[in-house]
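Please look through the sequence and the model shown here before reading on. The paragraphs below then walk through selected parts.

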Amino acid sequence: MKRIIYFIVSIMCVCHCGNAQKADGFDWRNATVYFVITDRFCNGDSLNDVNYGRIVDYGSEQMNAATFHGGDFKGMTEKANEGYFTKLGVDVVWMTDVYEQIHGWMAGSGSINDFPHYGYHGYYPLDYTQIDKNYGTVAEFKELVDTLHNQGIRVMLGANLNDPGYPTLLDAVQYGFAETGLTEKEAAQHIRDWSFDKFFEDRLNWNGWYDRGWIRMPDENWDETNPLEATLYGMPDFKDESNEAVSIPQFLKKKWLNEGTKNDEWVNPSARVLRTDREWSPSQYLIAWIASWVEEFGIDGFRCDIVENVHLNRWKELNEACNIALDKWRKNHPESPASKWKDSFFMTGDFEPSGIEYKPKYAGAGFSNMVNCNFPKNGDLDGIVYVWQAYSDSIAAHPGWYPFNYLNNSYHRDADMNKMMDCATTLLLAPGISQIFYGDETGRTISDARLNVDSAQAFRSDMNWNGIDVNLFKHFQKLCHIKGSHPVIGYGSQATLDTHTCIRYNDSDTVLIKLMPNDGETIGVAPYFIEGEILTDLYSGQKSTVNNGKIKFSPTQANVMVITRYNQ
């Protein structure tokens, strides 16, 4: 613990341009988003590590690839209070979905079933009206969101209108919607030779789970080439096209009745009134449940899952509901600095394999972008300025639609981990939003889950608090603060000067970005900077005076200079 505290204190001294309570000059177009899998980040309370009859330890890192590892809201709040996010220089914390997850396990690696796969990542919702106990309580979540808001940081969650979590053996036993022939203890334990395919074949006999009014299932005659009808990965899909009224599934009613008031610590107060049957379609229930988290906690944005599999009108309805909910939260919480923020509710989405291309129909539904899957991941500084130019031109052509760039995320760890310094430079100086995946800034390594058939679980390893790459962290930190202090980097116009040099400019600011400077090289800055002006390299702190339209700095090992006017 002393080592961790010493590290946090030391990095606070690296850059003092990030105030904990900053004036709200925030603009989503220039945001730096920190994406964290809550369960993998920091364990602040070991007493909430095991819940619902789940098994969390199967004896090896390989078998524990997708169990719950203990990260929670308390741990994230501890790190926020230590100043981790503000000192890193991020504007937004995006955490994985907090809704109560399926209790049991799914087959890891699909039909191979080589490890148990739980909903630790938040993508398998069982109950949208309450928090999963492994993450913490309502009070702890409120403390986390309020702490981040007080630091000037927006908060994002995930929203899924496409599918519920898989029905598992343990859930079937606990809520009685399918005959398994197993006791609860047996259903909780991973069974290597269990056939989930057979379990799914028997789904027609399930009683009390989501019925056919709510969902479509793979055994029906759907057009699997149509994303609006396809049932992904064997998951039943919500019938978002339906306008027919449905009742809340019996298993949820049974669950809520059995829990009574003993689960009040985890129930979202704004969702409690939404636990009764209405004359609502499936999507109306889902939208109301999801928007209730905005109303209760003041959530600022959502990353929406698999957007092309849901009809556009439903995304637009979610956006409208969330803007109403956010306005209500701001009016009800005048004591919070976040109540003064004026930006609308933010929505982005995954649309594989989307890039930066403008999607007018999705923009009309309330999206500001799609996650940019095509951002270069190789850290190649020999030409990234031309990629940046395309991004800048796209922003200029479509105001209000801007890139959401990443190197790694929950589904892909594609960046060259041996070139993370240069990768960070390409990401954090790119026009648009920059998303950092937790641990990219600290040199977090993959786990032994790489030995499983589904090796993707390996890059969701635990945060490496006891093995931080300090030099890499400082590089991320400097670039985050530079970007935050100069919004022109995110959405200014760009002029490309050569393979390694470009200018970002607007009416109030001008920044020159120089990559891979050579020793003794002079840099032409006219006509963007005038003769006799003193310029500073924000990365190294060096200063130089414009002479004959040129400046000269000593190169740095970081291969980057960010040059602007020196303000005394």
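This is a predicted model: local features need pLDDT of at least 70, side-chain atom pairs count only at pLDDT 80 or more; totals for chains, interfaces and linings use all residues.

Residues are numbered from 1 along each chain as its sequence is written, and side-chain values use heavy atoms, with hydrogens and water left out.

A nonpolar core is a set of buried Ala, Val, Leu, Ile, Met, Phe, Trp, Tyr and Cys residues joined through side-chain atoms within 4.5 Å. Buried means under 20% relative accessible area, exposed over 50%, and partly exposed in between (1.4 Å probe, protein chains only). The largest such core has 156 residues, and Y34, F41, F85, M95, F141 and F302 have the most contacts inside it. Helix α11 (residues 282-297) gives this core its largest share, 10 residues. Helices (H or I, at least four residues) and strands (E, at least two) are DSSP runs, numbered from the N terminus. Another core, of 12 residues, lies apart from the largest one and includes L512, F529, I551 and I563.

T86 sits in helix α4 (residues 84-88). T86 counts as buried because its relative accessibility is 9%. Its side chain reaches the backbone oxygen of G83 at 3.2 Å.

A cavity is found on a 1 Å grid over the protein atoms alone, as a set of points where a 1.4 Å probe fits but cannot get out; lining residues have an atom within 4 Å of a point. Grid points are joined across faces, edges and corners, and a volume is the space filled by probe spheres set on the points. There are four cavities of 30 Å³ or more, and the largest cavity holds about 50 Å³. Among the residues lining the largest cavity are D97, Y99, Y123, R303 and D305. Strands β6 (125-131) and β7 (154-159) each supply at least two residues of that lining.

The backbone has some features to note. From A526 to P527 the peptide bond is cis, with omega near 5°, and P527 lies in the loop between β18 (522-524) and β19 (534-537). M516 counts as partly exposed because its relative accessibility is 32%. N548, in the loop between β20 (543-545) and β21 (550-552), also has a positive phi, of about 55°, without being a glycine. N548 is exposed, with a relative accessible area of 65%.

Note on methods:
A polar contact is a pair of N or O atoms within 3.5 Å; within protein, one must be able to donate a hydrogen and the other to accept it, and residues adjacent in sequence count only if both atoms are side-chain atoms. On a 1 Å grid over the protein atoms alone, a cavity is a set of points where a 1.4 Å probe fits but cannot get out, and a pocket is an open set with protein on both sides within 12 Å along at least five of seven lines; lining residues have an atom within 4 Å of a point.
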